[in-house]
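These are my notebook entries on one structure. I set down what I looked up, entry by entry.

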Amino acid sequence: MAKGLGKGINALFANLDVEKEEMVQEIALQDIRPNPYQPRKVFEEGAIEELSQSIREHGVLQPIIVRKSSIRGFEIVVGERRYRATKEAGRATIPAVVRELTDKQLMELAVLENLQREDLTPIEEAHAYQTLMDKLSLTQEQLAKRIGKSRPHIANHVRLLGLPEKVQTYLTDGVLTMGHGRALLGLKKKDTIEKVVQKVLTEGLNVRQLEDLIQSLNEQIPPKETKREAKKDVFLVEQEERLRERFGTSVHIKRSKKKGKIEIEFFSEDDLNRLLEMFGSEM
């Protein structure tokens with residue numbers, strides 16, 4: 001399971017918790033509508049039912065946060081699960097705090113609330129990071145520092161968005177793991193990803209078996225050079241691994257007697273821009 005946000009969340013937004021000085025009021029559920037910018041579209045029914053049972057017995061222990069809607073009533077800022085569970089529990093009202101927020105702040109807080117949860121799928125987490133970077137004009141390095149995550153952690157998630165949508169759905173549904181997704185990005189022939197995924201599903205391949213399969217498939221691609229590369233030096237293999245962790249993408253070091261080259265892969269325009277930003281920040 002993906003972990004929640006790191007300790008730097010308050011560097012991004014105002015506190016998501018209700019402050020002592022804020023007034024809590026009971027608002028009719030019929031006057032509240034879900035956050036239109038809510039990134040999570042599917043809510044686990046079992047978790048909602050469990051929460052609704054708790055609300056029937058003990059009430060809503062933590063008020064939700066809403067803002068006045070420009071259309072009618074109020075819009076949820078934080079607490080849609082509590083709103084849904086309260087509705088399922090058959091209650092007519094819910095305790096809430098009203099805050100003044102712009103559309104941008106509303107969207108950002110919805111993303112942040114989801115990142116704080118422990119049960120995000122790798123794709124949901126990737127979309128959350130990408131949204132924060134896009135809306136706040138942050139690089140991966142800047143976002144990593146501000147939310148207390150490592151840059152490779154963010155990069156490895158965002159790279160998953162370069163996978164075909166069907167494969168992303170498998171990751172979201174838990175059919176494939178993030179390890180499977182990362183391994184698939186190493187395929188040299190990207191148009192074979194979905195075919196390889198079907199083999200994974202049919203044969204129940206684990207991540208290590210998939211990595212071995214991908215290595216085998218990549219080796220079958222005819223090399224551009226006429227001479228076969230000699231077995232790679234152990235030192236170079238270790239350096240490749242360090243660079244992969246540093247840049248969050250596949251890195252290959254190729255060396256001949258007097259010269260060589262380092263190949264760094266990117267999988268989309270955004271991925272290329274991310275790498276260029278990294279190089280620029282270090283120069």
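**Entry 1: His 180.** I looked up which residues His 180 touches, leaving out residues up to four places away in sequence. I found Val 200, Leu 205, Asn 206, Val 207 and Leu 210. Contact here means heavy atoms within 4.5 Å. His 180 lies in helix 8, residues 178–184. Helices (H or I, at least four residues) and strands (E, at least two) are DSSP runs, numbered from the N terminus. His 180 has 8% relative accessibility and therefore counts as buried. Buried means under 20% relative accessible area, exposed over 50%, and partly exposed in between, with a 1.4 Å probe and protein chains only.

**Entry 2: the model.** I noted that this is a predicted model, in which local features need pLDDT of at least 70, side-chain atom pairs count only at pLDDT 80 or more, and totals for chains, interfaces and linings use all residues. Residues are numbered from 1 along each chain as its sequence is written, and side-chain values use heavy atoms, with hydrogens and water left out.

**Entry 3: the whole chain.** I recorded 12 helices and 7 strands in the protein chain. Of its 283 residues, 42% count as buried. I then turned to contacts between residues at least 6 apart in sequence: 69% of them join residues at least 24 apart.

Entry 4: In what order do the strands of the open sheet of 5 strands stand? I read the order as 1-5-3-4-2, with mixed pairing. Strand 1 (25–28) and strand 2 (32–33) stand at the edges with a single partner strand each, so one side of each has no neighbour in the sheet. Two strands pair if DSSP finds at least two bridges between them. Strand 2 pairs with strand 4 in the parallel sense, over 2 bridges. Ile 32 stands opposite Phe 74 in strand 4.

**Entry 5: strand 3.** Strand 3 runs parallel to strand 5 (residues 93–98), and 3 bridges join the two. With strand 4 (residues 74–78), strand 3 pairs in the antiparallel sense over 4 bridges. I followed Val 66 to both sides: its bridge partner is Val 98 in strand 5 and Ile 76 in strand 4. Strands 3 and 4 form a hairpin with 5 residues between them. In the turn, Gly 73 has a positive phi of about 65 degrees.

**Entry 6: strands 6 and 7.** Val 251 has Ile 264 of strand 7 as its bridge partner. The hairpin joining these strands passes through 4 residues.

**Entry 7: Phe 43.** Is Phe 43 buried or exposed? I found 13% relative accessibility, so Phe 43 counts as buried. Phe 43 sits in the loop between strand 2 and helix 1 (45–58). Its C-alpha atom is separated by 9.3 Å from that of Arg 84, 41 residues apart along the chain.

**Entry 8: helix 4.** Helix 4 (residues 122–136) has 15 residues and reaches 21 Å from its first C-alpha to its last, close to the 21 Å expected. The expected span is 1.5 Å times one less than the number of residues. Among its buried residues I listed Ile 123, Ala 128 and Leu 132. Ser 137 follows the helix, with a positive phi near 55 degrees.

**Entry 9: the neighbours of helix 4.** I compared axes, which are lines fitted to C-alpha atoms, for helices over the stretch in contact, with angles from 0 to 180 degrees between N-to-C directions. The axes of helix 4 and helix 5 (residues 140–147) come within 10 Å and cross at roughly 110 degrees. The two helices are therefore roughly perpendicular. Angles of 65 to 115 degrees count as roughly perpendicular, under 35 as roughly parallel, over 145 as roughly antiparallel and the rest as oblique. Tyr 129, Leu 132 and Met 133 of helix 4 make this contact with Gln 140, Leu 143 and Ile 147 of helix 5.

Helix 6 (residues 151–158) packs against helix 4 at about 110 degrees, with the axes 8 Å apart. Helix 4 is thus roughly perpendicular to helix 6.
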